[in-house]
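I opened my notebook to look up a sheet and some helix pairs. My notes follow the order in which I checked them.

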Amino acid sequence: MTPEAIVETEELTKRYAGGTLAVDRVSFQVRAGEIFGFLGPNGAGKTTTIMMLTTLIRPTSGRAVVCGYDVVAAPHRVRQQLGYVSQDVAVDDNLTGWENLYLQGRLYHVPPAVLKERIADVLATVELEEHAHRPVATYSGGMRKRLDIAAGLIHRPRLLFLDEPTLGLDIQTRSRIWEYIRRLRDEHGLTVFLTTHYMEEADRLCDRVAIIDRGRIVALDTPAALKRSLGGDLITIRLAGTTAAPDLAAGMAALPLVESVRPGADGTFQLVVREGERATPVLLDYLSSRGIRVDSVALKRPTLDDVFLRYTGRQLREEEGAAAYHRMMRAVRRVRR
Amino acid sequence: MRGPERACGKACGGVPRGYGEGKAAVSGSTLLGDTWWICWRELKRLWGQKIRIFMTLVQPIIWLALMGNMFQRIAAIPGFPAPSYLDYMAPGIVTMVTLFGGIFGGLGIVWDRRFGYLQKLLAAPISRTAVVTGKMLAIAVQTAFQALVVFALALAMGVHFAAGAAGVPVLLLLAVLLSQVFAGISLCLGAVLTSHEALMAVVNFLTMPLMFTSNAMMPLDMMPAWLAKLAVLNPLSYAINPMRTLFLNGWDWAALARGLVVLASCGLLMTAAASSLFRRSIA
């Protein structure tokens, strides 16, 4: 373990009883004081990894050391060190916000002498002081999530796990939660391990991002480095008419500034280019010289979504997660009736 | 890599303002303390749902008033062991509310699992057993309260209590021990069955036969022989018999001792079974 690693896994693997290989020989380190993100679509193995690191399920093989303790050999020690906020928004509706935090503090054995002060402290962090004594049943979705995060902080962990912290929340609430997370790291040196399938969240919040797909880490670096690794800007071009000459891709690839060409569906091509502003006219000139009519052309800076596409051959589908969330909330509403 | 017991110490980086105090900030985990706080949550929840409290009070009133009156004339059958059916029925109602309180009391664990609250509890450095014993303690408190209400109601309706004031805590103890048996059964089912529908079906299937194969409503020697044999195996009978002696005859030490020993053993057994099944269900 390198000196500053707070989480370290070696070939960590989880195969569920049904045979599904959820996490497949994953090795990575989280450094103390960083915001580290797992980015991937639903079912990629993000939650399973978090559950192994928080001692909720046992790895099938491999090992994980969290805050200096092995998750299998010393789970109790690990639990004392970390805060865990699941994607389920697990707060008790029948208690008030304050009572939820009080109970959480008691379960984490926070000394009674400091507990009330701690509750006030975490309530202030997530700006819920005014609503502390209302039953959680009256809270909005965003308030619940903020309370849940506050509960994860009550024992002042050195490491906080956030599983999809902004799942299904509106954009204002989302940026507020990002703000809390950043402040906790900056002011308290808290290490944050989060999972997300929101590309933007990983990009704007995380110091380093691991892209996970089908149980494997396919790339791990800072968001900037990951985007740089694509080699430049992206041009998506659509030709008028769907039949392109067979040598067209090779012809475009031979142009100056063009790094690579990937044909897509319906006469589209994806090009990675250096200096996109200059490469675009070069490309258009070439196509018109061959008498090919262009329907549309788009130039953009690479995003983590493109990184994901590059490493997995598929796109991160955000609506997938949102749909799952809305299904869940409908189920919740049904049973609350 | 470090061994599991090596502390993180400075290696984890400087963490100002008290975050990451880790172990130093928390006192040790104790089964009793954790049990109490799990129980505290259950009682708070109950207190927050006044309709539940209201129903647990109304239900025994209906049982007592309705069944006591409906079957009044049974007491006229020669050989019936009590002066009135209500006298006979009162301990039966105490065990009945205990049965329902206990067997439905553990169902909440299925919701906790479904909503992720259980995960949150399990991520905390608490004793795993406390999740089970905490819920059982809450059921014990609730049962003692309910039994006391039924008892007071019965007295108000003219039921005679032969054992006197000292018998009341013994009556409550019997009820609490019985509630632990059913709470244990309910938590065992909750650990094994993760669907609420399946659980409700099983619990509903259990309650009525448990009632009618005991002597809660009818003396053993007035039952068909096969039913009387079943009643001997029913934990309810081991609460009803000593309770009934407290109501009708006063202090029958042999019946009390047998009831307390059988119920306490069953209760402990079910606690152990529920804890073990629960641990297995989260492994």
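**Sheet in chain A**

I looked up an open sheet of four strands in chain A, with the order β12-β13-β11-β14 and antiparallel pairing. The model I am reading is predicted. I found β12 (258–263) and β14 (294–300) of chain A at the edges, where each pairs on one side only. Neighbouring strands of this sheet are turned by 20 degrees against each other on average, direction ignored.

Next I took one pair of strands. β12(A) and β13 (residues 268–273) of chain A pair in the antiparallel sense, over five bridges. I noted A:P263 opposite A:F269 in β13(A).

**Helix pair in chain B**

I turned to α7 (residues 167–192) and α10 (residues 235–248) of chain B. They pack at an angle of about 175 degrees, with their axes 10 Å apart. Angles over 145 degrees count as roughly antiparallel, so I put α7(B) and α10(B) down as roughly antiparallel to each other. From α7(B), the contact residues include B:G167, B:V170 and B:L171; from α10(B), they include B:P235, B:A239 and B:M243.

**Helix pair in chain A**

Last, I checked α3 (residues 97–107) and α4 (residues 112–125) of chain A, which pack at an angle of about 125 degrees with axes 10 Å apart. That makes α3(A) oblique to α4(A). I recorded a right-handed crossing where α3(A) passes α4(A). Here A:W98, A:L101, A:Y102 and A:G105 of α3(A) meet A:L115, A:R118, A:I119 and A:V122 of α4(A). By class, the contact of α3(A) with α4(A) has six nonpolar, one polar and one charged residues.

Note on methods. Residues are numbered from 1 along each chain as its sequence is written. Chains are lettered from A and ligands numbered from 1 in the order in which they are written. This is a predicted model: local features need pLDDT of at least 70, side-chain atom pairs count only at pLDDT 80 or more; totals for chains, interfaces and linings use all residues. Two strands pair if DSSP finds at least two bridges between them. Helices (H or I, at least four residues) and strands (E, at least two) are DSSP runs, numbered from the N terminus. Axes are lines fitted to C-alpha atoms, for helices over the stretch in contact, and angles run from 0 to 180 degrees between N-to-C directions. Angles under 35 degrees count as roughly parallel, over 145 as roughly antiparallel, 65 to 115 as roughly perpendicular and the rest as oblique. Two residues are in contact if their C-beta atoms, placed from the backbone, lie within 7 Å. A crossing is left-handed if the near helix is turned anticlockwise from the far one by less than a right angle, and right-handed if clockwise. Ala, Val, Leu, Ile, Met, Phe, Trp, Tyr, Cys and Pro count as nonpolar, Asp, Glu, Lys and Arg as charged, and the others, Gly among them, as polar.
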